[in-house]
Amino acid sequence: MIKVVKFGGSSLADASQFKKVYDIVGSDPDRRYIINSAPGKRFKDDTKITDLLILAYSNRKSDHFNHIFTQITDRFNEIINELSLDFSLDDEFDQIKNDIMNGAGFDYTVSRGEYLNGKILAYYLGYDFIDPKDVIRVDINGNYDAYRTDPLLSKELKKHDYAVIPGFYGYKNDHSHTIQAFSRGGSDVTGSIVSKCIHAKLYENWTDVNGFLIADPRIVDKPQSIRIITYKELRELSYMGASVLHENSIFPVRSQGIPINIKNTNQPDDPGTLIVETTAHKPEHILTGIAGKKDFTTVMIEKDMMNSEIGFGRKVLQVFEEEKLSFEHMPSGIDTMTIVVNTKEFIKKEQSVLSGLHRAVNPDHIELESDLSLIAIVGRGMKDGRGTAARVFNALAKKNINIKMIDQGSSELNIIVGVRNIYFDDAIRAIYDEFITNDD
């Protein structure tokens, strides 16, 4: 059974974490392909290597550049020295420094943290090193190009029984021969792509928490972890702000039915969270997870008999499309249609949208309401549970929190509620207590 294993920045932040990774990899010979991130924070006020590289890039033409770059090389040399490795990155440091000073791009610069850390990890584990620039193609928008990547990567992986592949970047899928990075958190995506191309039985994603938590621990004190979650549930929660796993990393493994196991590098014996396509396991609670985002605006359009006006909805959405604005949700009534949009993006084009709506559909009235938070209550158990929405309303009512909006998907997998930003944390805690604390 082949396992692909990804270690995040916290798991590879310093030499002591490298030793934990060594023990984890060595304890299971099926862990044959390792994806690494750049070194993360070693302590609360520390700086991630990727952030130092961004700073170096911003100061590449200033007197501060050499000082910043020395901080970067010192971090890597500290890991090498504390692991007592007979290994040097001096040639790579010189090359990268010259490249940045001579006009190397932003994506190249920020990807060097993964590249250098991968070099160390491969030497430390005794694994082969595969540079993603040779086998992974990324489009200009930071998306994985499966058509060009899969044949290259599959062929290369077959040449190596054990290998380390840095995450986060590849080559542009054109003829420019330049590094193109995935979006931030893209090492998760690399691990998923490798899992797909090697036909792995399991993709392990090691981080610094015991799996996927039911709610944000910054809001709920010591929330329970989720033992099994489906791809669909994870997608809903990731989109609404849950951040353990990069949301785009789901798609390559989902196409192959490969499960993902989120595990804690600092507590390797904890089972973590298993992410699967579907499961017959009965959920522990009706809810799988709670997540949310702040700062949305509702655009409520009123017009008598709009439901009988053919093309009304299309005309409304076309106005937002022409302004290059996406919408989050679209609850409606007989004579009302509401568009929920991101406030930051909407505010820049507010008046253009309003005038466009008047021209397109001649509404009776348009009302804007901002300062809105959206909270997603997600769970496959909701489909067979009764009174879920009533329990949500009751939990919020007990805390004197008024619901400004509600939207439930036809799949019965989630309920979205809108509340004032000021009540965001209290609402999440109230829902958690109702469905998790009170169930135990």
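Phe168 is found in the loop that joins strand S5 (163–166) to strand S6 (169–172); helices (H or I, at least four residues) and strands (E, at least two) are DSSP runs, numbered from the N terminus. The model is a predicted one, in which local features need pLDDT of at least 70 and side-chain atom pairs count only at pLDDT 80 or more, whereas totals for chains, interfaces and linings use all residues. Residues are numbered from 1 along each chain as its sequence is written, and side-chain values use heavy atoms, with hydrogens and water left out.

The phi angle of Phe168 is near 90°, a positive value in a residue other than glycine. With a relative accessibility of 6%, Phe168 counts as buried; here buried means under 20% relative accessible area, exposed over 50%, and partly exposed in between (1.4 Å probe, protein chains only). Asn400, also not a glycine, has a positive phi of about 60°. This residue, Asn400, belongs to the loop between helix H13 (388–398) and strand S17 (405–408), and Asn400 counts as exposed at 65% relative accessibility.

At the level of the whole protein, there are 14 helices and 18 strands. The radius of gyration is 24 Å, close to the 22 Å that the globule rule gives for 440 residues, so the protein is as compact as a globular protein of that length. The radius is taken over C-alpha atoms, and the globule rule is 2.2 Å times the number of residues to the power 0.38. The C-alpha trace spans about 75 × 50 × 40 Å along its principal axes. Of the 440 residues, 52% count as buried. Among contacts with a separation of 6 or more, 76% are made by residues 24 or more positions apart, a contact being heavy atoms within 4.5 Å. The protein is divided into domain 1 (3–208) and domain 2 (289–437), with bounds that come from an automatic or database domain assignment. The C-alpha centres of domain 1 and domain 2 lie 40 Å apart.

Helix H10 (residues 312–322) has Phe312, Val316, Val319 and Phe320 as buried residues. Viewed down the axis of H10, these buried residues fall within an arc of 95°, so they line one face of the helix; the arc is that of the directions from the helix axis to the C-beta atoms. An α-helix has 3.6 residues a turn, so residues three or four places apart point the same way. The buried residues of H10 are covered by parts that include strand S14 (289–302), strand S15 (336–342), helix H11 (343–347) and helix H12 (350–361). On the face of H10 turned away from the buried side are the exposed residues Arg314, Glu321 and Glu322. Just after H10, Lys324 takes a positive phi of about 60°.

A search of the whole structure finds nine aromatic pairs. Rings of Phe, Tyr and Trp (its six-membered ring) pair if their centres lie within 6.5 Å; planes under 30 degrees apart count as stacked, over 60 as edge-to-face and the rest as tilted. Phe76 and Phe93 form a tilted pair, 6.4 Å centre to centre with 40° between the planes. Phe76 lies in helix H3 (residues 65–82) and Phe93 in helix H4 (residues 90–101), so the pair ties together parts that are 17 residues apart in sequence. Phe76 counts as buried at 0% relative accessibility, as does Phe93 at 5%. Tyr115 and Phe129 form an edge-to-face pair, with 5.7 Å between centres and 80° between the planes. This pair links Tyr115 in helix H5 (residues 106–125) with Phe129 in strand S3 (residues 128–129), 14 residues apart. Tyr115 is buried at 13% relative accessibility, whereas Phe129 is partly exposed at 23%. Phe18, Tyr22 and Tyr124 form one aromatic cluster.

Charged side chains also lie over aromatic rings. Lys119 lies over the face of Phe129, at 4.7 Å from the ring centre, and the charged end of Arg112 sits over the ring of Tyr169, 5.1 Å from its centre. The criterion is that NZ of Lys or CZ of Arg is within 6 Å of the ring centre and within 35 degrees of the ring normal.

Val138, in strand S4 (residues 137–138), is buried with a relative accessible area of 0%. Beyond its neighbours within four places in sequence, Val138 is in contact with residues including Asn143, Gly170, Tyr171 and Phe182. The C-alpha atoms of Val138 and Arg148, ten residues apart along the chain, are separated by 8.9 Å.
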